[in-house]
Amino acid sequence: MAKRFHKHLSVLVIPDDGSRTIEFKLNYLILWVIMGVLGGLVVLVLLGGVFLGQAQYWKKIAQELSVDNARLRQEAERVDELAQMVSRMKSHDQKLRMMLSPNVALPPASYTPPPENTNQVVSGGGVQGQSSEWNALWVPSIAPISLAVGYVTREFESKQGLFQNRHTGIDIAAPEGTPVQAAANGKVVFAGVDDVFGNVVAIDHGGIYMTRYGHNSVLLVSVGEEVRGGQHISLVGNSGQSSGPHLHYEVIEDGRLRDPRMFLPQ
């Protein structure tokens, strides 16, 4: 091999006009170096083409996501406008009821909170003095996100283990912007920002149950607002200390955290 590199390759340049012939001698080692450099340049050009194609692809994806996010923001604004309109309609309805109630027997409004004796609700039982149908309206039995759309990624963990932290609810993964619905009738007692759970909505259900919904992108209700089971209250997001778009859902009964799985429809 060493002798091979000592050999030379002669290149003759013979002009057409019959002038002096020019001879070049190239060492085989130099030729191999030149070929290696050219090969490396070809590889770099190919890799550059691949990376350029990937960059253009991700740029296209980013543009599509930007358009989708703008559309979702517009939809959220429309939903918020509808929610405000409903709130104004409720206010007008209450004023009309106050004006007419002395002379006209009106049925109770669908959004009216339960009477004071709803604190007699017990797990698995009914309300004393009230129908089981009325009681069911105030028990968090509606899935905040349909499991046909989302899926549970982390379960409720009542105790803190050696290598894991306690988990106070369940996590339901769903695409960002998916509507979140109230689990039962109730009153919004908190709608704001939490350091851990980001944008949070908390709903009191008749003084016995409370549900909390965390990591939302947009809140559609405000504190003091009466909501009905199934009403959209927020949109799934990735706010707070979140590892991806999902809903953190908690159920509290008489001040004690409960496993939300026990209340989800079978």
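Is Glu155 buried or partly exposed? In this predicted model, Glu155 has a relative accessible area of 34%, so it counts as partly exposed. Its salt-bridge partner is Arg261, with the N and O atoms of the two side chains 2.8 Å apart. This pair ties together distant parts of the chain, 106 residues apart: Glu155 sits in the loop between strand E3 (151-154) and strand E4 (170-173), while Arg261 belongs to the segment after strand E12 (256-258).

Another joins the side chains of Arg212 and Glu250, at 2.7 Å from N to O. Here too, the link runs between distant parts of the chain, with Arg212 in strand E8 and Glu250 in strand E11 (residues 246-253), 38 residues apart. The two ends fall into separate classes: Arg212 is partly exposed because its relative accessibility is 32%, whereas Glu250, with a relative accessible area of 1%, is buried.

A further salt bridge pairs Arg258 with Glu253, and its closest N and O atoms are 1.8 Å apart. For Arg258, the relative accessibility is 18%; the cut-off for buried is under 20%, so Arg258 counts as buried. Glu253 is buried as well, with a relative accessible area of 3%.

Now for the backbone. Most residues other than glycine have a negative phi. Two residues go the other way. His215, in strand E8, has a phi near 70°, a positive value in a residue that is not glycine. With a relative accessible area of 3%, His215 is buried. Asp254 is not a glycine either, yet its phi is positive at about 50°. Asp254 lies in the loop between E11 and E12, and it counts as partly exposed because its relative accessibility is 44%.

Strand E8 (residues 209-219) also holds Asn216, which is buried, with a relative accessible area of 0%. Asn216 and His248 are 32 residues apart in sequence, but their C-alpha atoms are 8.7 Å apart in space. His248 turns up again in the pocket described next.

The largest pocket holds about 230 Å³ of space. Its lining is made of 14 residues, and those closest to the centre are Arg154, His167, Asp171, Phe197 and His248. What classes of residue make up the lining of this pocket? Nine are polar, three are charged and two are nonpolar.

Terms used. Residues are numbered from 1 along each chain as its sequence is written. This is a predicted model: local features need pLDDT of at least 70, side-chain atom pairs count only at pLDDT 80 or more; totals for chains, interfaces and linings use all residues. Side-chain values use heavy atoms; hydrogens and water are left out. On a 1 Å grid over the protein atoms alone, a cavity is a set of points where a 1.4 Å probe fits but cannot get out, and a pocket is an open set with protein on both sides within 12 Å along at least five of seven lines; lining residues have an atom within 4 Å of a point. Grid points are joined across faces, edges and corners, and a volume is the space filled by probe spheres set on the points. Ala, Val, Leu, Ile, Met, Phe, Trp, Tyr, Cys and Pro count as nonpolar, Asp, Glu, Lys and Arg as charged, and the others, Gly among them, as polar. Helices (H or I, at least four residues) and strands (E, at least two) are DSSP runs, numbered from the N terminus. Buried means under 20% relative accessible area, exposed over 50%, partly exposed in between (1.4 Å probe, protein chains only). A salt bridge is a side-chain nitrogen of Lys or Arg within 4 Å of a carboxyl oxygen of Asp or Glu.
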